[in-house]
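My entries follow the display.

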Amino acid sequence: MAEYDYDLFVIGAGSGGVRAARIAANYGAKVAVAEEYRVGGTCVIRGCVPKKLFVYASHFSDDFEDAGGFGWTVGETKFDWKTLVSRKDKEIDRLNGIYIRNLEKAGVEILDGRATVKDAHTIRLEGREREITAERILVAVGATPFLPDIPGIEHAITSNEAFHLEELPRRVVVVGGGYIAVEFAGIFNGLGVETMQLYRGPLFMRGFDDDLRDLLSEEMTKKGIDLRMNSDIVSIEKRDGELHLKLNDGDTISTDCVMYATGRAPNTKGLGLEDAGVKLGMAGEVVVDDYSQSSVESIYAVGDVTDRANLTPVAIREGHAFADTVYGGKDVKVDHSIIPTAIFSQPEMGTVGLTEAQAREQYDEVDIYKTAFRALKNTLSGSQERTFMKLIVDAKSDKVLGVHIMGSGAGEVIQAIGIAVTMGATKAQFDMTIAVHPTAAEELVTMKEKWQAPVIKAAD
């Protein structure tokens, strides 16, 4: 039997790689992980965690305004960007330390630097003139922000740089229509930045339920964000301390900062995977089977680099399943069909299961239940923000196929609802559940009347 330096070598110490490394080591495998930036990966260092902290910060502008409706007099308020960035950095440093200690506690060796694949069992440590062998290699390098090839793109930033801006801009243009774009548009707007969001399609948040997309557009516009659909930048010019953007419709916009959030590409470039025989997809993703195994028997991949479902909890689940299967003697596949997720837009959204459009494509008859209302808090605060909830049900089996929520705490609510939908709960079981009153979430178990699409009569 061949002798290797390690049983498992993990390239990338993000959420998926760290989980796989720890669990494999706990099963007794000799494991090393290489990371060229910081342990923790995108989510912890420059993604979900710092973003959520920024979202919290941006909510205070609304909270101060709402307080008056409850009898509070809020004095002069002032926001300091450098303080937020500094406090955020300290928290990220703390989490980075926890990740390192957890790996070391499990017995995983951490190697600083970039690792690339030479062949099915050999890894190069770049800049060290060192090669390492492993029985198995796990690729968990995530994805990197995509930037279009247009004149002046060097003047734009991505979410990576947004977390470390020296100064908060007075004006910003956010380009994109997915999670990151809508979340950062809300962050900047809440922090007092004049915010515009451009999206090249007719309506952002493609792939989400159309009711959520429509209502989020309305609510963001009410909050003062300038949303422009069917718009894209064709060139950026820096002149007189400003950025001048030329749009596809010929319009020109002046701003202080342009942030692109137009998707992320699997971070496989220059990794050596193709030379080792690993099959990559059209976007550069590692093509894997249900057990995260690539076309090369000894090489696996988890997380965003596989472009299956690009969410941190999914990467963690994939990494854990890999370790359980390969080193724990179990047979574990990850079900990607039902994934609860939250979008920390303003207002927040939570969703699980099928959209209405998807359900109508897959099922003969679908029942829709939905409601929109002002939450109790807003009746005194004076806020006109609406909460929205929607259930999608298979009319034949009564099974709940999808749940979609927009409003305060939607992410927290959808985590619990995700359990019910994953278990195959029926609408009757939702109805049997006693409501928690007074809450917004009680609407999920009190919606009794099916929604009927309005009948539009043809003109005479």
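For locating residues, I take helices (H or I, at least four residues) and strands (E, at least two) as DSSP runs, numbered from the N terminus. The model is predicted: local features need pLDDT of at least 70, side-chain atom pairs count only at pLDDT 80 or more, and totals for chains, interfaces and linings use all residues. Residues are numbered from 1 along each chain as its sequence is written, and side-chain values use heavy atoms, without hydrogens and water.

Entry on cis bonds. I note that most peptide bonds are trans and that most residues other than glycine have a negative phi. Q346 and P347 are joined by a cis peptide bond with omega about 10°; P347 sits in the loop between strand 17 (341-343) and strand 18 (349-353). I found a cis bond from H437 to P438 as well, with omega near -5°, and P438 belongs to the segment after helix 12 (427-432).

Entry on positive phi. I looked up burial by relative accessible area (buried under 20%, exposed over 50%, partly exposed in between; 1.4 Å probe, protein chains only). D240, not a glycine, has a positive phi of about 55°. It lies in the loop between strand 11 (233-239) and strand 12 (242-247), and D240 is exposed at 73%. S292, also not a glycine, has a positive phi of about 65°; S292 is buried at 3% and is placed in the loop between strand 15 (264-266) and strand 16 (299-301).
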